[in-house]
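Visitor: I've got a few things to ask about this protein. Could you walk me through it?

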Amino acid sequence: MGAGLGGLAAAISLCKVQIGVDIYEKAPNLQEVGAGIVLYPNAVNALKQMGVYEQIAKVASFPSQGKYLNSKGKVLVKLNMADFGPGAEAITVHRHDLQKVLCDKALALGAKIHFNKDCWTLEQDKDTVTLHFSDDTQVETNIVIGADGIHSKIRKNLLNDGEPRYTGSFTWRGVTSQLVSYPANLSLMVFGRGKQFGATPVGKNRVYWFATMSDQKGHRDRRSKSDVLKFFGDWTDPVNELIDTTKESEILTHNLYDRDPAVKWGEDRVTILGDAAHPMTPFMGQGGCQSLEDAIALAHCMKVNSNPVEALRDYEKMRQARTSDFVYQSRKSEAMTMSNSRIATMLRDAILPMVPSKLIAKQLHTLANYKMPEL
Ligand SMILES: Cc1cc2nc3c(=O)[nH]c(=O)nc-3n(C[C@H](O)[C@H](O)[C@H](O)COP(=O)(O)OP(=O)(O)OC[C@H]3O[C@@H](n4cnc5c(N)ncnc54)[C@H](O)[C@@H]3O)c2cc1C
């Protein structure tokens, strides 16, 4: 259920272990809109296992330099990915390009995608699950994977555990192709008080940026370019230019949500995956990466255990502790980088230059060295 990152990755991984897949997606087609995404070494390894790395590499960027600045332009940290050694590779890519590669691969492996299928509810008996759609149609199947995102209907049916939690931060995201002067190898993070800005190339001479702000009331419809410029326009170069050269229609606004980790992810012939299972804030850049790991783990469990109901429980056990850790780490990272306190901001700007790049490299290597099950 759902043709997002997690659903498409699960379809590819399941097809690779000879399990047929039908994807039901509520949108009329693959959405053209969407900003960029950073895929860390664990996700890169998952893409390699799925056999899509080469195609994604053709449309993506591989930033080799990183810089952390404060909003006035003072350099806090400088990173050179070459110093981090092999395996620390991260990919930055436009979401639409990533989804297109995943979708093409899923179709080539035999998965079917049914668009305009908004699933409302489901019911299970001993051998089947019936999905009910908003167009009054229904489908009977033997296993359902709810990869229907943060507002998952499948999760609601299984757990009925209320709405996700607004974290107190919201973000604007955009992609510009007008800023020819932006270095093709540079990832940038700029920190202010209760605000942060990031930018990175995403292939085809485009630069993806995000601007995040803390506000307990959410974005309150501050959707236009002038809204972003009001809060970030006087920041160090190239922040203003990146925002200013972005088409109004390419700017998206999101309130950020997560959930406390759930003890239960599934029941009988149904489970959940990706944001439906473990929504987390983007401060570790791991939400999408974890959904790719989920997909590999799910297919692995279905391959090695011929009892599908048991295999779903094996998958849940394999994934719960790891994804819960990232939910909590992402919260910590938000607390550290988005503080509104003047003292905390000054401390951060003083401490960051003292963080040895070896420590940052260690984090990337830990992600790269995560032992993923084999398909
Ligand atoms: C601002 C921001 C920045 C981020 N940056 C990063 C990053 O750099 N790196 C990273 O790894 N992660 C990042 N993430 C997280 C990442 O976007 C998500 O974790 C990832 O998209 C989850 O994939 P998914 O397939 O579970 O959900 P989604 O991508 O949300 O896909 C769900 C799909 O299900 C469909 N659907 C929903 N309801 C129904 C229904 N009822 N019936 C049928 N279909 C349905 C939707 O239309 C959609 O296609 C970021 C998130 C945000 C908000």
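Visitor: How many of the ten residues of helix α2 are buried?
Guide: This is a predicted model, where local features need pLDDT of at least 70, side-chain atom pairs count only at pLDDT 80 or more, and totals for chains, interfaces and linings use all residues. Residues are numbered from 1 along each chain as its sequence is written. Helices are DSSP runs of H or I, at least four residues, and strands are runs of E, at least two, numbered from the N terminus; a residue is buried with 20 or more other C-beta atoms within 10 Å of its own, exposed with 12 or fewer, partly exposed in between, C-beta atoms being placed from the backbone. Helix α2 covers residues 41-50 and is mostly covered, with the buried count at nine.

Visitor: Which residue just after α2 takes a positive phi?
Guide: Q49 and M50 are among the buried residues of α2. Just past the helix, phi goes to about 80 degrees, and the residue is G51.

Visitor: Which element gives the most to the shell around the ligand?
Guide: α1 (5-16), β2 (36-39), β11 (165-176) and α8 each supply at least two residues. The top contribution is four residues, from α8.
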